[in-house]
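Subject: Structure for your files, with notes

Hello,

Here is the structure I said I would pass on. My notes on the side chains come after it.

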Amino acid sequence: QKSNNMLDYSKLSSIPPSSIGEAAAYVYYSLLAAVCTGLIWVGFYKRFPKVKDWVAGSLLKYAMWAHGVMTFSVMFFLEPNNLRLFAATLGLSPEATSVVKYSLQSCLALVLWDFGYLWTTSPLMVFQLNCHHIGLFIALHYGFSLSEQVLASQAHLDSCLFGWLWAIHSFGFILKIIFPILGIKTKPEQKSHLLDAIKHVYSAVSVYWIYQYLNAPGQPGLHWNNYQTCSLAIMLSGRYLINSNWKNIDFLRRVEVPGAFVVLVDHFFFNDPHLHRGVATLFALVACILTHAVLMKRVRSQPAKYFGPAESPELQSFLEAKSGEILGKISSNDDDKKVRDTETTVSGRKYMHGMFSSQESTVKDDKGNTQSWKDAWPIHLAAVNNDTEQIEKLTCSSNFKQTQKLDAKMTDYQDYTPLLWAGMMGNTESQLLLLKKGANPYVWDGLRCMSFFDSCFESNFFLPNRVPGSLGGCVDFWVEFNKIAMKKSPPSYVWDDLSAAERAMKIVAKW
């Protein structure tokens, strides 16, 4: 009797017509199509904005924390040996087991795609996000077409690798939940060096799992007709390319990307037990990139010290003169206004507003009580919301000290200043007003590993069509702004005047 209840895996790929199992499969694949194409956003969230705001403000944080645990748990449960044991224990038919399988995969898809919440309307970024997500579902789908013996070991490595890679979203849980439980205190005015160390160790373990995925006994390695090759390549492409994570995220840039490169090069060409030729290849490539950067790279000079409009009459006159050009085209031209206030920008503001309202700040209030980001960082929130009236009100209040608050580093999030928030969200009016108030555009953007000034010449998540170096309708704004700033305070060094060794040291220091 027990043998009759054993699951026949071939029936999972050919479910009987007009069955409950077939319906569960249709629901699952329909859900995948819906989250990939944004149909949930268009068909549900746009019709129920209150639900959308609640999901953004109260649910997404916890869903992202659960990404890694849920991915591993679902995939581990669906491994052939585990699913077979579950089905045999409960006496489930293949059709009933199919319902369980597709139901769990549907729940996993919904959580990993953040319940259908659309972060961007840029086709390229949507494609990259989908690549980041779809890799593990390729593994789940095609893994069941293999023989039982091969499938067991391969499926377990699928669970370990993808579960671990998706744990990248769990660092907030460690900082907010685990650290307090362990009695680890973090200073509000500083980033957690312990958490940074954990992130780098996490990347090192990611490299280990990538190596095991390719080289462990029973693994097929990389091949054009191998489902694991497809799933890994698509997952890593989305993971590293979205928002240029491969260079903008410290622990990915320093550990995981170089490590993955070594593993892949060794797997393709050498198969050395200690990866020594892969490591040598990496060092040779780094030497070539460094040589190119030292000899060919153009670096924009910046003032040694920034003097705002209050200390620089020429800069004040420039900002006033350009205000009409910056804002005029946006406010008078409907097409330009749509470029500024895209659906991505609006949804991004609502999401971040929800984060500011729900996240607990490490900065205590005057009485030593905990407070939300919204209360701890009011001018930062105003910059996120593009609320120029609130910025004006805050900066003009009697207890506001411009030199301290305009460039206050938000220790709860990447040391972001109000101007960095306004720039990231693509809020032109807020950027202009903060500049007029004296905000420093040369502050370091820890998320993008460059100054805010330099980031204005790069692509923007919320403004993918922005002209590099522009602000609003003024195309050459930042070039002219920088020239005036350097008149008041010449740069401490000129890149072309530095020796090769000095250039190399500065590049390595930034890395």
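The notes below cover the core, the aromatic rings, the salt bridges and one serine.

This is a predicted model, so local features are given only at pLDDT of at least 70 and side-chain atom pairs only at pLDDT 80 or more, while totals for chains, interfaces and linings use all residues. Residues are numbered from 1 along each chain as its sequence is written, and side-chain values use heavy atoms, with hydrogens and water left out.

Core

The largest nonpolar core holds 105 residues. A nonpolar core here is a set of buried Ala, Val, Leu, Ile, Met, Phe, Trp, Tyr and Cys residues joined through side-chain atoms within 4.5 Å. Buried means under 20% relative accessible area, exposed over 50%, and partly exposed in between, with a 1.4 Å probe and protein chains only. Phe137, Phe477, Trp478 and Phe481 have the most contacts inside this core. Helix H2 (residues 20–37) gives the most to the core, with seven residues. Helices are DSSP runs of H or I with at least four residues, numbered from the N terminus.

Trp478 is in contact (heavy atoms within 4.5 Å) with Leu435, Pro441, Phe452, Phe453, Cys456, Phe457, Gly469, Ser470 and Leu471, when its neighbours within four places in sequence are left aside.

Aromatic rings

A pair of aromatic rings is described by the distance of the centres and the angle of the planes. The rule used is that rings of Phe, Tyr and Trp (its six-membered ring) pair if their centres lie within 6.5 Å; planes under 30 degrees apart are stacked, over 60 edge-to-face, and the rest tilted. The count by this rule is 38 aromatic pairs.

One of them is the tilted pair of Tyr28 and Phe137, at 6.5 Å centre to centre and 40° between the planes. Tyr28 lies in helix H2 and Phe137 in helix H8 (residues 123–142), so the pair ties together parts 109 residues apart in sequence. Tyr28 is buried, at 2% relative accessible area, and Phe137 is buried at 3%.

Tyr202 and Phe251 make an edge-to-face pair, 6.4 Å centre to centre with 80° between the planes. This pair links distant parts of the chain, with Tyr202 in helix H11 (residues 193–215) and Phe251 in helix H14 (residues 250–270), 49 residues apart. Tyr202 counts as buried at 4% relative accessibility, and Phe251 is buried at 8%.

Ring pairs also join Tyr306, Phe318, Tyr442, Phe452, Phe453, Phe457, Phe477, Trp478 and Phe481 into a cluster. Trp478 and Phe481 are also among the residues with the most contacts inside the core.

The charged end of Lys101 is 4.0 Å from the centre of the Tyr102 ring. Lys506 lies over the face of Tyr493, 4.2 Å from the ring centre.

Salt bridges

A salt bridge is a side-chain nitrogen of Lys or Arg within 4 Å of a carboxyl oxygen of Asp or Glu. The count by this rule is ten.

- Arg277 and Asp272 have their closest N and O atoms 2.7 Å apart. Arg277 is partly exposed at 40% relative accessible area, whereas Asp272 counts as buried at 8%.
- Lys436 and Glu320 meet at 3.8 Å, N to O. Lys436 lies in helix H24 (residues 428–437) and Glu320 in helix H16 (residues 313–332), so this bridge ties together parts 116 residues apart in sequence. Lys436 is partly exposed at 29%, and Glu320 is partly exposed at 48%.
- Glu325 and Lys322 meet at 3.4 Å, N to O. They are three residues apart in helix H16, and so are separated by about one helical turn.
- Asp250, Arg253 and Arg254 are linked in a network of salt bridges.

A buried serine

Ser159 is in helix H9 (residues 148–166) and is buried, with a relative accessible area of 0%. Its side chain reaches the backbone oxygen of Met75 at 3.3 Å. Leaving aside neighbours within four places in sequence, Ser159 is in contact with Phe72, Met75, Phe76, Glu79 and Trp164.

Regards

Key:
Helices (H or I, at least four residues) and strands (E, at least two) are DSSP runs, numbered from the N terminus. A charge sits over a ring if NZ of Lys or CZ of Arg is within 6 Å of the ring centre and within 35 degrees of the ring normal. A polar contact is a pair of N or O atoms within 3.5 Å; within protein, one must be able to donate a hydrogen and the other to accept it, and residues adjacent in sequence count only if both atoms are side-chain atoms.
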